Amino acid sequence: MIKLYLSSLFKDTTRLFTDFAGESLQGKTITFIPTAAIPDKLDFHVKHSKKVLSKMGLIVDELELLTATPDEISGKLQAGDYIYVGGGNTFFLLQEMNRTGAGEIIRQQID
């Protein structure tokens, strides 16, 4: 069963995520998509989120949709244990999810 965890501000819900996962996060890979942060230059948010995820024991594998090849996008989204989509400009994120096909891959994984 594939589960979807939604959170507006992850730093305030990290403990809830650990409980939600229902397993040890140590050594699990999380595919981190920071694309939405690009238009508003939210680099500090991306760095902080990656640091929090690493402290939870997760291996952070960044997937930047603007620069990744179709094979990289497909491979990383299918290989990771979790997918984390960082916050920012949701319209830009949607545009890039549609342009690259990442949105469709994720949709298929959570259907």
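Trainee: Which side chain does E23 meet in a salt bridge?
Mentor: E23 meets K28, at 3.5 Å from N to O. A salt bridge here is a side-chain nitrogen of Lys or Arg within 4 Å of a carboxyl oxygen of Asp or Glu. This is a predicted model, where local features need pLDDT of at least 70 and side-chain atom pairs count only at pLDDT 80 or more, while totals for chains, interfaces and linings use all residues. Residues are numbered from 1 along each chain as its sequence is written, and side-chain values use heavy atoms, with hydrogens and water left out.

Trainee: How does E23 count by accessibility?
Mentor: E23 is partly exposed because its relative accessibility is 35%, and K28 is also partly exposed, at 23%. Buried means under 20% relative accessible area, exposed over 50%, and partly exposed in between (1.4 Å probe, protein chains only).

Trainee: How many salt bridges does the count come to?
Mentor: The count is 5. One of the pairs is K76 with D61, at 3.0 Å from N to O. That pair links distant parts of the chain, 15 residues apart, with K76 in helix α3 and D61 in strand β2. Helices (H or I, at least four residues) and strands (E, at least two) are DSSP runs, numbered from the N terminus.

Trainee: And which residue does E104 pair with?
Mentor: R107, with the closest N and O atoms 2.6 Å apart. Both are in helix α5 (residues 102-110), and they are separated by about one helical turn because they are 3 residues apart.

Trainee: Switching to the sheet. What is the strand order?
Mentor: The order is β2-β1-β3, an open sheet of 3 strands with parallel pairing. Two strands pair if DSSP finds at least two bridges between them. β2 (59-62) and β3 (82-85) are at the edges with a single partner strand each, so one side of each has no neighbour in the sheet.

Trainee: How many bridges join β1 to β2?
Mentor: There are 4 between β1 (residues 29-33) and β2, and I30 has V60 as its bridge partner in β2. Another 4 bridges join β1 to β3, where T31 stands opposite I83.

Trainee: Along β3, which side chains are buried?
Mentor: Y82 and Y84, which point to one face.
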